[in-house]
Amino acid sequence: MLSILIPTYNYNVYPLVTELKNQADVLGIDYEILVQDDGSSFYLEENRKINVLVNCFFFENNYNSG
């Protein structure tokens, strides 16, 4: 299993996640893509769409922990 871990802050990471997902699907490997947001105030709605993608998860911190 391949685990792709992406930390983010105030960045739209959805396009990156969809591209990585597409590449992993083509390879036919077991994978997960985990995105951890560190208390962003921008792009939350865009990034929450990650949870709809299979094997992809978006987690949010309530505050920036640095």
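Trainee: Before we start, what are the ground rules for the numbers?

Mentor: The model is predicted, so local features need pLDDT of at least 70, side-chain atom pairs count only at pLDDT 80 or more, and totals for chains, interfaces and linings use all residues. Residues are numbered from 1 along each chain as its sequence is written, and side-chain values use heavy atoms, with hydrogens and water left out.

Trainee: Okay, salt bridges. How many does a search of the whole structure find?

Mentor: General idea: you want a side-chain nitrogen of Lys or Arg within 4 Å of a carboxyl oxygen of Asp or Glu. Here the search turns up three. Take Lys21 with Asp25, where the closest N and O atoms are 2.7 Å apart. Both residues lie in helix α1, four residues apart, about one turn of the helix.

Trainee: What counts as a helix or a strand?

Mentor: They're DSSP runs, numbered from the N terminus: H or I with at least four residues for helices, E with at least two for strands. Helix α1, for instance, covers residues 14–27.

Trainee: Is Lys21 buried or exposed?

Mentor: Buried means under 20% relative accessible area, exposed over 50%, and partly exposed in between (1.4 Å probe, protein chains only). Lys21 has 14%, so it is buried, while Asp25 is partly exposed at 39%.

Trainee: Which residues does Lys21 touch?

Mentor: For contact, look for heavy atoms within 4.5 Å. Not counting residues up to four places away in sequence, Lys21 touches Tyr31, Ile33, Leu53, Val54 and Cys56. With Tyr31 there's also a side-chain to side-chain polar contact at 3.3 Å. That term means a pair of N or O atoms within 3.5 Å; within protein, one must be able to donate a hydrogen and the other to accept it, and residues adjacent in sequence count only if both atoms are side-chain atoms.

Trainee: Which residues do salt bridges join into one network?

Mentor: Start with Arg48 and Glu45, whose side chains meet at 2.6 Å, N to O. They sit three residues apart in helix α2 (residues 44–48), so about one helical turn separates them. Arg48 is partly exposed at 32%, whereas Glu45 is exposed at 55%. Next, Glu60 forms a salt bridge with Arg48, closest N and O atoms 2.8 Å apart. That pair links distant parts of the chain, 12 residues apart: Glu60 is in strand β3 (residues 56–60) and Arg48 in helix α2. Shared partners join Glu45, Arg48 and Glu60 into one network.

Trainee: And how do I read a nonpolar core?

Mentor: In soluble globular proteins, nonpolar side chains tend to be buried together. A core is a set of buried Ala, Val, Leu, Ile, Met, Phe, Trp, Tyr and Cys residues joined through side-chain atoms within 4.5 Å. The largest one here has 13 residues, and those with the most contacts inside it include Ile6, Val17 and Ile33. Elements giving two or more residues are β1 (2–8), α1, β2 (31–37) and β3; β2 gives the most, three residues. Beyond its neighbours within four places, Ile6 is in contact with residues including Val13, Leu16, Val17 and Leu20.

Trainee: Which residues make the nonpolar surface patch?

Mentor: Patches take residues with over 30% relative accessible area and no salt bridge, joining like charges within 9 Å and nonpolar side chains (Val, Leu, Ile, Met, Phe, Trp, Tyr) within 5 Å. Areas come from the Shrake-Rupley method with a 1.4 Å probe; for residues, only the protein chains shown count as cover. Leu2, Leu27 and Ile29 make this patch, about 270 Å². Leu27 lies in helix α1 and is exposed at 61%.
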